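Please keep the sequence and the 3D view open while reading.

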Amino acid sequence: MAEGRDVQWVEVTEGQDGQRVDNFLLTRIKGAPRALIYRIVRKGEVRVNKKRVKPDTRLAIGDLVRIPPLKLSPREAVREVSDNLRNLLAGSVLVEGRDWLVINKPAGLAVHGGSGVKIGLIEALRQVREDLDFLELVHRLDRDTSGCLLLAKSRPALLALNTALKQQQMDKRYLALVAGRWPARRDYVAARLDRYTLANGERRVRVDPGGKVSRTRFAVREAFARATLMEAEPVTGRTHQIRVHAAHAGQPLLGDDKYASRDSQRLSASLGVARLFLHAESLTFPEPTSGRPVQIKAPLPEELQAVLARARRDA
């Protein structure tokens, strides 16, 4: 195979050991969408030790990866990070360790691109943090949810944190404002959840006997005249779990445009709730290297604090 001057051969280092080829390329080729990565791998333009590979092939220390020269058209390139987003993300890092970081994710920013989202948080951070050869999400937050989001800066850290997540060694607590007065004795919602797709392609979740087992613990933080501030702890990690469980209990989250009732919509308007009132307030996890517990809190955004102030004045 004749090689052009712009072809790169990159050696895999310790920090990338075990990483998938597609994720390795997404980190190395700034602005490349995942669909393009899959295409060049499928065509054999990407080689590892001069051999063809698949997107999910795992790399090892010392492997040589061939990266072809790419010219991205404006339509297929991931959007460049704006100065405003760059500054927002730089100021949103809550705590950073040697091989992990926790960011206070802004509401309205998807964690990754796709399905009409040109750029997500992970793609933006990879552009902003050019010093990192590895950056992956440990878990996800809904686009409209704010708060603690954990990312790994090395493959070993990602594996350790994923294991902690699967073994329920990671504690995540959310603040949610729900419609109505939450009964003091209701501290647990268990309802199986099933994902489905609307005719327009939008993904939703519903309670279904054939769905996946899903459990959420709830505790009242503060009661208001027409709403209740709740602490929610997802025991399982299903999509939209807190939102659907609260709606299933008859008390939807305020500001929820997917699972609201007519009454909760009217209350949201009355209290001036302009976004989903769901915030990942705290995150506790074992530090990947030492195993010591790390606890991090994200302050409630000002727009949600203002909603609570109005709820306290509500008669």
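**Notes on rings, charges and contacts**

1. The structure holds 2 aromatic pairs, where rings of Phe, Tyr and Trp (its six-membered ring) pair if their centres lie within 6.5 Å, and where planes under 30 degrees apart count as stacked, over 60 as edge-to-face and the rest as tilted. In the pair formed by Trp100 and Phe285, the ring centres are 5.1 Å apart and the planes stand at 85 degrees, so this pair is edge-to-face. Trp100 belongs to strand β6 (residues 100–105) and Phe285 to strand β15 (residues 278–286), so that the pair links distant parts of the chain, 185 residues apart.

2. Before going further, please note that this is a predicted model, in which local features need pLDDT of at least 70 and side-chain atom pairs count only at pLDDT 80 or more, while totals for chains, interfaces and linings use all residues. Residues are numbered from 1 along each chain as its sequence is written, and side-chain values use heavy atoms, with hydrogens and water left out. Helices (H or I, at least four residues) and strands (E, at least two) are DSSP runs, numbered from the N terminus.

3. Are Trp100 and Phe285 buried or exposed? Trp100 is buried, with a relative accessible area of 3%, and Phe285 is buried as well, with a value of 1%; buried means under 20% relative accessible area, exposed over 50%, and partly exposed in between (1.4 Å probe, protein chains only).

4. Trp182 and Phe218 form an aromatic pair that is tilted, with 4.7 Å from centre to centre and 40 degrees between the planes. Because Trp182 lies in the loop between β9 (171–179) and β10 (188–190) while Phe218 lies in strand β13 (residues 215–223), this pair ties together parts that are 36 residues apart in sequence. Trp182 is buried at a relative accessible area of 6%, and Phe218 counts as buried at 4%.

5. Which charged end sits over the ring of Trp182? The charged end of Arg186 does, 4.8 Å from the ring centre, and the charged end of Arg206 sits over the ring of Tyr196, 4.1 Å from its centre. A charge sits over a ring if NZ of Lys or CZ of Arg is within 6 Å of the ring centre and within 35 degrees of the ring normal.

6. Glu287, in the loop between β15 and β16 (293–297), deserves a careful look. Glu287 is buried yet has no salt bridge, and the nearest side chain of opposite charge, that of Arg292, is 5.3 Å away; a salt bridge is a side-chain nitrogen of Lys or Arg within 4 Å of a carboxyl oxygen of Asp or Glu, and Lys and Arg count as positive and Asp and Glu as negative, with His and the chain ends not counted. The side chain of Glu287 does reach the backbone nitrogen of Thr289 at 2.8 Å and the backbone nitrogen of Ser290 at 2.8 Å. Leaving aside neighbours within four places in sequence, Glu287 is in contact (heavy atoms within 4.5 Å) with Asp99, Trp100, Arg292 and Val294.

7. Leu101 also has its place in strand β6, and Leu101 is buried, with a relative accessible area of 2%. Apart from neighbours within four places in sequence, the contacts of Leu101 include Val95, Arg129 and Leu149.

Note on methods
A polar contact is a pair of N or O atoms within 3.5 Å; within protein, one must be able to donate a hydrogen and the other to accept it, and residues adjacent in sequence count only if both atoms are side-chain atoms.
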